[in-house]
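I opened this structure for the first time and kept short notes. The entries follow the order in which I looked things up.

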Amino acid sequence: MLVSQILKTKGDLVFTASPQETVGAAAALLHSRKVGAMVVLEADESIAGILSERDIVRQIAKEGAAALSKPISACMTRDVIFAQPDESVDDLLAKMTDRRIRHLPVAKGGRLVGIISIGDLVKYKIQEAQAEADGLKAYIAAG
């Protein structure tokens, strides 16, 4: 299965923030939206970075509560790794595992078109394994 097919199923909604918003406000948004990361966009819609729960925790570990009043740009990941719509689930699982990341923004032609989490990929792999097991059970039962 390709990333584009997962996005068709889960949707292309991506929560975003500006680099000037505070880390505290971003943490509140992550919590209220029940997501683990958001893409940080400049005013011109270009991608400035990605902010994850891990980024926030690292900043708080360094600076304590003062980190919450800093701008997102102070702790976001700037070197964003992207997924392409035509990449496979297995390719993304390898990419995420190698780099120890849990979220990949999906870009097409330099434009943000979605976001894929490790949970999305694991969900697909579980469904795939269950469908294969059900097919084998049906085959055995018919024989």
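This is a predicted model: local features need pLDDT of at least 70, side-chain atom pairs count only at pLDDT 80 or more; totals for chains, interfaces and linings use all residues.

Residues are numbered from 1 along each chain as its sequence is written, and side-chain values use heavy atoms, with hydrogens and water left out.

I found Glu-87 in the loop between α3 (53-63) and α4 (89-99). Helices (H or I, at least four residues) and strands (E, at least two) are DSSP runs, numbered from the N terminus. The side chain of Glu-87 reaches the backbone nitrogen of Gln-84 at 2.7 Å. I then listed the contacts of Glu-87 (heavy atoms within 4.5 Å). With neighbours within four places in sequence left aside, they are Met-1, Leu-2, Val-3, Phe-82, Leu-92 and Lys-95.

I took a nonpolar core as a set of buried Ala, Val, Leu, Ile, Met, Phe, Trp, Tyr and Cys residues joined through side-chain atoms within 4.5 Å. The largest one has 13 residues, and Val-3, Ile-6, Val-89, Leu-92, Val-106, Ile-116 and Leu-121 have the most contacts inside it. At least two residues of this core come from each of α1 (3-10), α4, β4 (103-108) and α5. Helix α4 gives the largest share, four residues. A second, separate core has twelve residues, including Leu-30, Ile-56, Ile-72 and Cys-75.

I also checked Leu-121. Apart from neighbours within four places in sequence, Leu-121 is in contact with Ile-6, Val-89, Leu-92, Leu-93, Met-96 and Ile-116.

I counted a salt bridge where a side-chain nitrogen of Lys or Arg is within 4 Å of a carboxyl oxygen of Asp or Glu. That rule gives six salt bridges. In one of them, the side chains of Asp-120 and Lys-10 meet at 2.8 Å, N to O. Asp-120 lies in helix α5 and Lys-10 in helix α1, so the pair ties together parts that are 110 residues apart in sequence. Asp-120 counts as buried at 18% relative accessibility, whereas Lys-10 is partly exposed at 38%.

Lys-70 forms a salt bridge with Glu-63, with the closest N and O atoms 3.3 Å apart. I read Lys-70 as partly exposed, at 32%, and Glu-63 as partly exposed, at 31%.

Lys-125 and Glu-128 meet in a salt bridge at 3.2 Å, N to O. Both lie in helix α5, three residues apart, about one turn of the helix. Salt bridges that share partners join Asp-90, Lys-125 and Glu-128 into one network.

Glu-45 sits in the loop between β2 (37-41) and β3 (47-52) and counts as exposed, at 56% relative accessibility. Arg-100 has a positive phi near 55 degrees. I found Arg-100 in the loop between α4 and β4, and it counts as exposed at 64%.

Gln-130 is found in helix α5. The C-alpha atoms of Gln-130 and Ala-25 are separated by 40 Å, and the two residues are 105 residues apart along the chain.

Notes:
A polar contact is a pair of N or O atoms within 3.5 Å; within protein, one must be able to donate a hydrogen and the other to accept it, and residues adjacent in sequence count only if both atoms are side-chain atoms. Buried means under 20% relative accessible area, exposed over 50%, partly exposed in between (1.4 Å probe, protein chains only).
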